[in-house]
Amino acid sequence: MLQFLKYVFATIVGIFLFTVLSFFLLLGIGSLMSSSDTKTEVAANSVLKLDLNQVIRENAPEEDPLNDILSGGNSPGQVSLPQIKEALANAKIDPNIKGIYLKAENPMAGFATLKEVREYLLDFKKSNKFIYSYAETMTEGGIYLASVADKSYITPAGGVDFNGLSANYTFMKGLFEKIGVKPEIFRVGEYKSAVEPFFLTKMSDANREQTQSFISDIANNFYGDIASARKLSLEEVNTILNKALIQEPSDAVKYKILTNTGYWDEFETALRHELGSEKDKKIEYITLNKYLKADKLVKEGSNSNRIAVIVGEGDILSGESQDGTIGSETIVKELQKARKDSKIKAIVLRINSGGGSALASDVMWREVELTKKVKPVIASMGDYAASGGYYMAMGCDTIVAQPTTLTGSIGIFGVMFNVEKLMNEKLGVTFDGVKSHEYANFPSATRTMTDAEKNMIQNGVNKGYESFTSKAAKGRHMSVEKLKSLASGRVWTGSQGKANGLVDILGGIDVAIKVAAQKAKLKEGDYRVKYLPIQKSSIETLIEKFGNDQEDAKLKAYLGDFAPYAKQLKNLQSMDKIQARMPFELEIK
C-alpha cells in the first residue's frame with residue numbers, strides 16, 4: 001500500500017510539474033508569436049541603449065523570452081557580433097537616433113571580441129553622434145569599451161577593476177592522486193601544455209615562458225588602445241597599473257581613465273543637455289533587440305552575390321554541432337553547400353575555438369582544401385583559433401586575426417585515464433574477463449597499459465603531429481623545418497603570428513569579408529553577407545535549453561563553486577584519444 005501511495009504521489013507531482021512547464025512554454029510561444037512580426041517605430045531624438053552586460057557570441061540564437069523566468073533573473077543574456085554590427089551601422093545613419101547609451105559594466109567576451117565591438121563603436125562615432133556610458137561598477141573589459149565614449153560615468157560609491165591581466169590554469173594532479181586516477185600522457189612538443197594539469201601541480205618553464213609572452217602582448221594591445229583613446233601614453237597607463245593608483249571611481253577620473261563620477265540622475269541630466277531636451281523630459285531609449293526590428297536603412301548588395309560566413313565556435317568534436325561546440329559534420333555540410341551554391345562567391349570561415357578532436361579537425365581541413373579549389377576561402381580568427389582551431393584555418397587562402405587572438409598551438413596530445421586504483425581500492429569494484437586476441441580489450445581504463453600499448457598511442461600522436469605540421473607548412477608556404485620551429489604546441493597572439501608567418505592580415509571579421517570580396521572580384525556594396533549555419537529559432541532554443549539548464553543547475557546545486565571543475569572532468573568523457581587542443585583550461589582576467 002505504501003509503495004502504491006508513493007507512485008500516486010510521484011504521478012501527481014509529475015503532472016503538476018508538467019503543467020507548470022507547459023504553462024511557461026506556451027507563455028514563451030505566445031510571446032514569440034506576438035513579437036516576432038512586430039515592427040519597431042523609432043521615435044525622434046531617441047538614444048540606442050546598447051546593453052553589453054551579456055555573453056557576446058559569434059552568432060547567438062534569437063532572443064529567448066523565458067531567459068529571465070527560467071533563470072530567476074540570474075542568467076546573462078546573449079548577443080551576437082553580427083547583431084551589434086547591424087544595429088550600430090543602422091544607427092549611424094538613422095536620423096532618429098541621436099546617440100548611444102553604452103551599458104557595459106561587465107561584457108562577457110574575450111579580448112578579440114571586445115576589440116571588434118570597440119571597432120564598431122569607433123565606426124559609429126564617425127557620424128559625429130555621441131556615445132555616453134554609465135556604470136555602477138566596471139571591469140577592465142567595460143573600461144576598454146567605455147574608453148571610446150565621449151563621456152564615461154561611474155557611480156561615486158561604485159567599484160572599478162583596473163589592475164592588469166593575469167592568466168591562470170587549473171591543475172588536477174592532486175585530485176587524481178587522492179581519488180586513485182592515473183593519467184597516461186602522450187604528447188609532442190615542449191609547449192603542448194594542454195595535458196600539464198593532469199600530471200603537474202604548477203606551470204612548466206616552457207608553459208610559463210609562452211604564457212608570459214602572449215599575456216604581455218595582449219596587455220600591450222589592450223591597454224595601448226585605452227591609452228590612445230584617453231590621450232595617454234602606454235607608459236602612463238602602465239604606471240597606473242603597476243602602482244595600483246586606481247582604487248575607487250574618483251581615482252579613475254583623476255587619472256583620466258574615465259571622464260566623470262556621477263549618479264544616474266546626473267548622467268541623465270548630461271544626456272538631456274546633449275540631446276537639447278528640456279529638464280525632466282523623458283529620454284526615449286530604445287533597446288538593441290527592439291532596434292533590430294526597426295527599418296533597415298543600410299542598403300544591401302545584390303542577392304546574386306553573397307559571401308557566406310560559416311561560424312564555428314567552441315570545442316571541436318566529430319558529428320553535428322551543438323550550442324558551444326564545432327561539429328565536423330556540420331561544418332563539412334555547410335562548406336559543401338556553399339561550394340555548390342552559385343550565388344555564394346566566397347567563404348569566410350569564422351573560427352573561435354581552442355581546438356579539440358584531431359580527427360574532426362583534419363576532416364574539416366580536407367573540406368576546406370576541396371572548397372578553395374572552387375572559390376576563395378578566408379579564415380577569420382576570433383578570441384581563439386588555436387591547435388584544432390588553427391588546423392581549420394591553415395588550409396584557407398588567407399588568415400585574418402585580431403592582434404589579441406590566441407592562435408598557433410600546433411601540436412597533438414593523447415590522454416588515457418587508468419581508474420583501476422579508484423575502482424579497486426576506493427570503491428571496491430574489480431574487473432575480470434577473457435579475450436580472443438592480444439589487444440582485444442585495448443584501450444582499457446581499468447588496468448595499466450603495457451609498453452607496447454603505450455607505444456601504439458604515442459606513435460599515433462607522433463603521426464598526427466607530422467601530419468599537422470606538414471599540412472600547416474603547405475598551407476603557409478613555408479618549409480616543414482620553419483613551421484616546426486613555430487610549432488611544438490606554442491601559443492602565439494595574432495600580432496605575433498603575423499610577425500612569424502602564421503597569420504597574413506590583422507583585423508576582424510569585416511576585414512576578412514573585404515578580403516573575400518576582393519578575392520572574388522566583387523565591388524564594395526555589390527554583395528550580401530550570409531551567416532551560416534542558420535541559427536535555431538527561439539522555440540528550438542527554448543526546448544533545448546530545458547535539458548542544458550537542468551544539468552548545469554544540478555551541478556551548481558550539488559557542488560557550488562566546484563561545479564566548473566566537475567564539468568571539466570565530464571568533458572573528458574567526450575574526448576577522442578588524440579586531441580589538437582590549446583592549454584586545457586586557461587582563464588585570463
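Buried means under 20% relative accessible area, exposed over 50%, and partly exposed in between (1.4 Å probe, protein chains only). The model you have here is predicted: local features need pLDDT of at least 70, side-chain atom pairs count only at pLDDT 80 or more, and totals for chains, interfaces and linings use all residues. Residues are numbered from 1 along each chain as its sequence is written, and side-chain values use heavy atoms, leaving out hydrogens and water.

**Exercise 1.** Work out which parts of the chain the salt bridge of lysine 454 and glutamate 184 ties together.

*Solution.* 
- Start with the distance: the closest N and O atoms of lysine 454 and glutamate 184 are 3.8 Å apart. A salt bridge is a side-chain nitrogen of Lys or Arg within 4 Å of a carboxyl oxygen of Asp or Glu.
- Helices (H or I, at least four residues) and strands (E, at least two) are DSSP runs, numbered from the N terminus.

**Exercise 2.** Now try arginine 476 and aspartate 504: is each buried or partly exposed?

*Solution.* 
- Their salt bridge has its closest N and O atoms 2.7 Å apart.
- Arginine 476 belongs to helix H17, and aspartate 504 to the loop between helix H19 (494–500) and strand E21 (505–506).
- Arginine 476 is buried, with a relative accessible area of 10%; aspartate 504, at 30%, is partly exposed.
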